[in-house]
Amino acid sequence: MGIVSWIILGLLAGAIAKVLLPGRDPGGLIGTTLIGVAGAFIGGWLSAKFLDRPIQDEFFDLATWGSAIGGSLVLLVGYRILFGNSRD
């Protein structure tokens, strides 16, 4: 998969993470999508590095999507913990 595919995957993973963790985010829609892109990269890297699951070339690989969504969820929770009260 190329860099554009990872960005698209990250945008979709960020949207899915937002659906799974509803609520008010400090960064809004743009912040959530950027967290999704970063989560896709981090989740893919962690999956390849520590779970011995190499990154697949197919866009529709279930493990790749799972790691991207998982990375997005972790970053979104961390972002809410660090900056959760900034929009009150």
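Does Ser67 count as buried or exposed, and at what relative accessibility? I started with what Ser67 counts as: buried or exposed? 

**Entry 1, Ser67.** I find Ser67 in helix α3, taking helices as DSSP runs of H or I with at least four residues, numbered from the N terminus. Ser67 counts as buried because its relative accessibility is 14%, and buried means under 20% relative accessible area (1.4 Å probe, protein chains only).

The model is predicted: local features need pLDDT of at least 70 and side-chain atom pairs pLDDT 80 or more, while totals for chains, interfaces and linings use all residues. Residues are numbered from 1 along each chain as its sequence is written, and side-chain values use heavy atoms, without hydrogens and water.

I noted an average pLDDT of 76 for the protein, with 83% of the residues scoring at least 70; pLDDT is the predictor's confidence in each residue, from 0 to 100. Among the elements, mean pLDDT is lowest in α2 (79) and highest in α3, residues 62–83 (82).

I looked up the packing of α1 (residues 3–20) with α2 (residues 28–50): the angle is about 115 degrees and the axes are 7 Å apart. Axes are lines fitted to C-alpha atoms over the stretch in contact, and angles run from 0 to 180 degrees between N-to-C directions.

The largest nonpolar core has seven residues: Trp6, Leu9, Ala13, Ala40, Trp65, Ala68 and Ile69. Such a core joins buried Ala, Val, Leu, Ile, Met, Phe, Trp, Tyr and Cys residues through side-chain atoms within 4.5 Å. Helices α1 and α3 each supply at least two of its residues.

Methods:
Buried means under 20% relative accessible area, exposed over 50%, partly exposed in between (1.4 Å probe, protein chains only).
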